Amino acid sequence: MLPKYTSTRDCKVKISSKDAIIKGISKEGGLFVLNDIDKINIDIEPMLNYSYQEMAFNVFKMLLPDFNESEIKKCIDDAYFNSFDNNEITPLKNLNHLDILELFHGPTCAFKDIGLQMLPQLMKCALKTNFINKKVMILTATSGDTGKAALVGFKDVENIAISVFYPHNKVSNMQYQQMATQAGVNTNVCAIEGNFDDAQTAVKALFKDKQLNDILNSKQLYLSSANSINIGRLIPQVVYYFDAYAKMRKSNKIKKGEKVNFCVPTGNFGNILAGYYAKLMGLPINKLIVASNSNNVLYDFINKGFYNRQREFIKTISPSMDILISSNLERLLYYMCDKDTNVISKYMSDLESIGHYQLDLKVLAKIQETFVAGFATDLDCNTAIKECFKTNKYLIDPHTATGYVVAREYQKIDNEHRCILLSTASPYKFAPQVYNALTNTYINDEWECIEKLNTLTKMPVPKSILELKNLPILHNELINIEQMKDYIIKKSLKGEQND
Ligand SMILES: *Cc1c(COP(=O)(O)O)cnc(C)c1O
C-alpha cells in the first residue's frame, strides 16, 4: 500500500501512518497530514446505533490505512475498555439552549484522555510491526492537561518512556498534583523556567537537534511526541464529532443531513481541527466556532487573517488555553492553501523569524466559510459559570465556560443550527476558580474547595481526583530551557541501565 501521509512543509515526504505516529513530527519541522482526507466520504446514517468503539473503528479504518482491522480493534479495546467512568465515553447532555458533549470522563478528567489513551496503543502496535527492537522516548511540553493525560496513557508501556515538561508555577495546583505524583518506571516529570510556549518551542527544537538525536539513535532510541501535533492523538478526537452527531440524529434532535455547529474551547487548535477533519470526511457541519480566552490570537487570526504571536501572554483561569502559538493551525492552512507546502513553509518561517504572518485574503475567505471565532475574558467566564449553574443546575469548568460564552453569543446570529458545545474538563479539575465564580470566594486549599463545591452543587467528584489526595510527590525537579537536552540524555541512559 502506498504511504498516504505527507508533511505540511514538504510535499515530497511520503510516509505511512505508523511511521508518522512514531516520528511525531517531520524532519523539516512540518506536521504529518493525510493528503486525501477530503476524498473520504463517510455516510453517518447507517452508523446511528454504533457504540463509541464501533464508531472509532470506522473512523480509524479511514484515517490509519496501514493498520489492519485486528490491530485497530485491539488498540480501541485497550484504550477505551474500563478507563472511562462512563460507558458512552463521551456522553451528550442537553441544556435549555445548548447540547454539551462531555469529553472529561477519562482518567485525568480532561478531553486529552481521549487521544492519549489511544496514542500509546497505536505506538505500541507500530513499534511491534515497523520498528522491531527500537525504543521511543516521548517528549511533551504541557500547559497542564496534556502532561498528566500522556503520563497515564504511557505509564509502564513497554519500550516507551516519557518526559513531560511543564511551565513552573503556570499550571493549576490540581494539574501540578496530578503530574508530580505520577508513578511508573518509565515516567519523568520536570518543571521549566518559562511559559508553555517557551517549553513547546524548546521541545520542538530538541526534535530537530542533530547531536541529541545522534546520541539517542545510536542506542536504538527515537524521540517522539505526545502533543497534539502527533496524528495518533489527533485522529481519536475525530471520533466524538461523529458520535455526537449520531446521538443527535438518534434522539431526533436533528433531521437526516441537517447541519450542526460545534463550539470548541481552543488553545493549540487540536480539538477543533479534529472537527474540521470530520467535516472534510463528510459529517454535516455548518460552522466550527473557535472559543478563545484572553489570549485571543486565534480570534484575531480568523477575523483578520493576521497571525501575530507578538503580544502579551496573559495568565487566565483557563490555563490549558493560555497559548500564543497554535501548532495545529498549520494543518488547517495545508488544506485551506490547496496543499501548497511552499506557501505553508513561508508562513511558518515568518512566524518563527518575525513573529507574525499575513494570510492571503482568498484563503482567509475560505477559512471564514467554515470557522467563526469569539473569545471570553475571565470575568465573562465567571459570569457564565454562575449563570449556567443557576439556569441549568449544570456546572462547567473555566475552559468550557469560554465556549459557553462564545456559543451563546453566536446563537444571537445563528439560531437555526443546533449548537453542540464541547466540554473539555471536569469542573473539579479547576475547583477554586469554579467555586470563586459561584460564590465570589477564593479558597486556596484545593481539597477543602472540592468538598465545598460538592456540598454546594451536589455534582459528584470524579474518583480519580479524590484518589490523588494521599499520593506522595515523586517528581520535583526544576530546570531552565538550556538544561532540557541534558535532562533527556540523563533520563534516556537511566532507561538503558534498567534493561
Ligand atoms: C488542551 C485543552 C484545551 C485546548 O485544546 P486544544 O486542542 O489545544 O485546542 C481546552 N480545554 C482543556 C481543558 C484542555 O485541557
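Colleague: Which residues of H6 meet which residues of H18?

Modeller: In this predicted model, Asn173, Met174 and Gln177 in H6 meet Glu446, Trp447 and Ile450 in H18, where contact means heavy atoms within 4.5 Å. By class, this contact of H6 with H18 has three nonpolar, two polar and one charged residues; Ala, Val, Leu, Ile, Met, Phe, Trp, Tyr, Cys and Pro count as nonpolar, Asp, Glu, Lys and Arg as charged, and the others, Gly among them, as polar.

Colleague: At what angle do helix H6 and helix H18 pack, and how many Å apart are their axes?

Modeller: Two packed helices are described by the angle between their axes and by the distance between those axes. Helix H6 (residues 173-180) and helix H18 (residues 446-457) pack at about 115 degrees with their axes 10 Å apart; axes are lines fitted to C-alpha atoms, for helices over the stretch in contact, and angles run from 0 to 180 degrees between N-to-C directions. Helices (H or I, at least four residues) and strands (E, at least two) are DSSP runs, numbered from the N terminus, and the protein has 20 helices and 16 strands.

Colleague: Before going on, what should I know about the numbering and the cut-offs?

Modeller: Residues are numbered from 1 along each chain as its sequence is written, and side-chain values use heavy atoms, with hydrogens and water left out. Because this is a predicted model, local features need pLDDT of at least 70 and side-chain atom pairs count only at pLDDT 80 or more, whereas totals for chains, interfaces and linings use all residues.

Colleague: Are cysteine 109 and aspartate 338 buried or exposed?

Modeller: Buried means under 20% relative accessible area, exposed over 50%, and partly exposed in between (1.4 Å probe, protein chains only). Cysteine 109 is therefore buried, with a relative accessible area of 2%, whereas aspartate 338, at 60% relative accessibility, counts as exposed. Of the 499 residues of the protein, 63% count as buried.

Colleague: What does the C-alpha trace span along its principal axes?

Modeller: The trace spans about 60 × 50 × 45 Å.
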